[in-house]
Amino acid sequence: MWAFQTPQTIQQPHLPKPFHNPTAISPKPQCCLALRPSTTTRSNGDSNNNNPLIQSLCKQGNLNQALQVLAQEPNPTQHTYELLILSCTRQNSLPQGINLHCHLIHDGSDQDPFLATKLINMYSELDSIDNARKVFDKTRKRTIYIWNALFRALTLAGHGREVLDLYRRMNRLRVPSDRFTYTYVLKACVASEEFVSLLLNGREIHGHILRHGFEGHVHIMTTLLDMYARFGCVLNASRVFDQMPVKNVVSWSAMIACYSKNGKPFEALELFRKMMLENQDLLPNSVTMVSVLQACAALAALEQGKLMHGYILRRGLDSILPVVSALVTVYARCGNLELGHRVFERMEKRDVVSWNSLISSYGIHGFGRKAIQIFKEMIDQGLSPSPISFVSVLGACSHAGLVEEGKVLFESMVRGHKIFPSVEHYACMVDLLGRANRLDEAAKIIDDMRIEPGPKVWGSLLGSCRIHCNVELAERATSRLFELEPTNAGNYVLLADIYAEAKMWNEVKRVKMLLEARGLQKVPGRSCIEIRRKIYSFMSVDEFNPQIEQLHALLLNLSMEMKEKGYVPDTKVVLYDLDPEEKERIVLGHSEKLAVAFGLINSKKGETIRITKNLRLCEDCHSFTKFISKFANREILVRDVNRFHLFQDGVCSCDDYW
DNA sequence: GTAGGGTTAG
């Protein structure tokens, strides 16, 4: 079977300080300073000399009694200690683990490299990274296992930078890395809570791997590929993938995930097809399918998604929770919320992720109250919300403008669920308040943050400034954003948009020059539509589309007729100081309108037109589509980068709040 | 001499 879920770590309350707390060492007080001479050869793993009583107590899970027996055992063997350490880990008991550690210190067994490794692993599992570090620091004879164990522990705890410092120290001491070392240090590069990138360290380790002849090692190369993927270096990742002499399902899945996660869903589906065609002996597993489903969701490829659903059923992967959660998301993100909900209802078992999928599904469709209701239902069923549950439900509040409800939920995080808000939660709150034109409150949230506000937080504020045209705050946000992510063209464009709306044309010019000087390009708007299982993509400047003339003509006609009925083009998104007609012509050519026109021509009456857009819908496209839905009597469903808009009979499901 | 590693859901 598959082990998908990492065990939930329980936050320990206030814990006794290890080593110097007499209550934790009750059987043998003051032991810590009185070390016996080295005893590492003493037990020699002679399991015959094991204490059978302790063994059976450990098996029963009776740790307390096992520790009491240990206090009377004159000569605990290595194996006895190993069982006890494992038992503490399984019972998730840090105080008992510390108690046990003191026993080991007392008879010098903490210097046994095997047991020291086990202790580090134990502390890592028990979320006590300080103690893991202490074990490492106090061990005099450090095997590669001990180094690796600490690397792993620190990486899991998010201390990537520290791992890399230690790795450098290890190299200076001329301790040779083994195949495990490389996977841990590569993972460390992406396991950093700082905002600085450790990509350079990763590249350096790539060099070490090649120099030491590990380029044929499938585990290491897959980790390397994944590291590049997580930094968004798709080209580097694919180069590693192509050069791998041996590839297995995991390597293929990692590469497919790389494309899915980095905005290349077409490539992800293409690689999946290649995997199926060229490698009959490789069977995609549940992990592969999850990434493939994500690609379908990104493309809103409903028919593709259904095909994958069929394959998943045939392969019997439909009982695996992550797969089903991804299916719920696929259907919802393809615009079919009901189908997603039906998949959810048929699940025999659900975990918090399945619930989160459903909550965010309702959220992106604008059903904020329903999302809150599902969130509460989940808690009623005895599940604890995860940090992502809050991201989902706060996001849902934000889309629906449920400010007070969102504030209450945010308050309940720490008080009710002991979850400390991360940058993502703060970003949700800034978005929630900012969208509702409570920008000062949003800014105050940022000022009061206990952690460093990252680009997500400032980006949320900037987005809200764009909606409500607040130049001053936008300047504050971008001054930070240009430092934090200097190459994100979107931030420059948003600032220029705001200046343009304020008619500060000189400032618009300045930002545009800044953008050019840094060699950045605005991400072009792109809209897609799926007609009879084929996906058509539109951009506003697109001379290659054979139907483009026809689409432009249709749009011009529609616009003239709708203007008579009250449609007023909104041209404030145009960043050039042009005359009004020219501006109108530009917004009429927006990709989303082209897709709408294409949908009107190529689909039957009564069919919903489904469109996806890679950016936020502009004001004019929004009001244009509202008019069209009434004028042409068609239902139009548009997914923009944040949420869904269902246009029916002249109104939008977002209530013009997006 | 023992032990430990890569891809995934929101």
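Let me start at the DNA: a polar backbone atom of V218 sits 3.5 Å from a base nitrogen of DNA strand B. That is a polar contact, meaning a pair of N or O atoms within 3.5 Å; within protein, one must be able to donate a hydrogen and the other to accept it, and residues adjacent in sequence count only if both atoms are side-chain atoms.

Before going on, the conventions. This is a predicted model, where local features need pLDDT of at least 70, side-chain atom pairs count only at pLDDT 80 or more, and totals for chains, interfaces and linings use all residues. Residues are numbered from 1 along each chain as its sequence is written, chains are lettered from A and ligands numbered from 1 in the order in which they are written, and side-chain values use heavy atoms, with hydrogens and water left out.

S386 places a polar side-chain atom 2.8 Å from a base nitrogen of DNA strand B, and an N or O atom in the side chain of K187 is 3.0 Å from a phosphate oxygen.

Helices are DSSP runs of H or I of at least four residues, strands are runs of E of at least two, and both are numbered from the N terminus.

Now chain A as a whole. It has 32 helices and 6 strands, and its C-alpha atoms fill a box of roughly 95 × 55 × 50 Å along the principal axes. Of its 658 residues, 51% are buried; buried is under 20% relative accessible area, exposed over 50%, partly exposed in between, with a 1.4 Å probe and protein chains only.

Last, the rings. The structure holds 13 aromatic pairs. Rings of Phe, Tyr and Trp (its six-membered ring) pair if their centres lie within 6.5 Å; planes under 30 degrees apart are stacked, over 60 edge-to-face, the rest tilted. F344 and W355 are edge-to-face, 5.1 Å centre to centre with 80° between the planes. F344 lies in helix α18 and W355 in helix α19, so the pair ties together parts 11 residues apart in sequence. Both F344 and W355 are buried. Y536 and F598 have ring centres 4.8 Å apart and planes at 45°, so that pair is tilted. Y536 is partly exposed at 28% relative accessibility, whereas F598 is buried at 5%.
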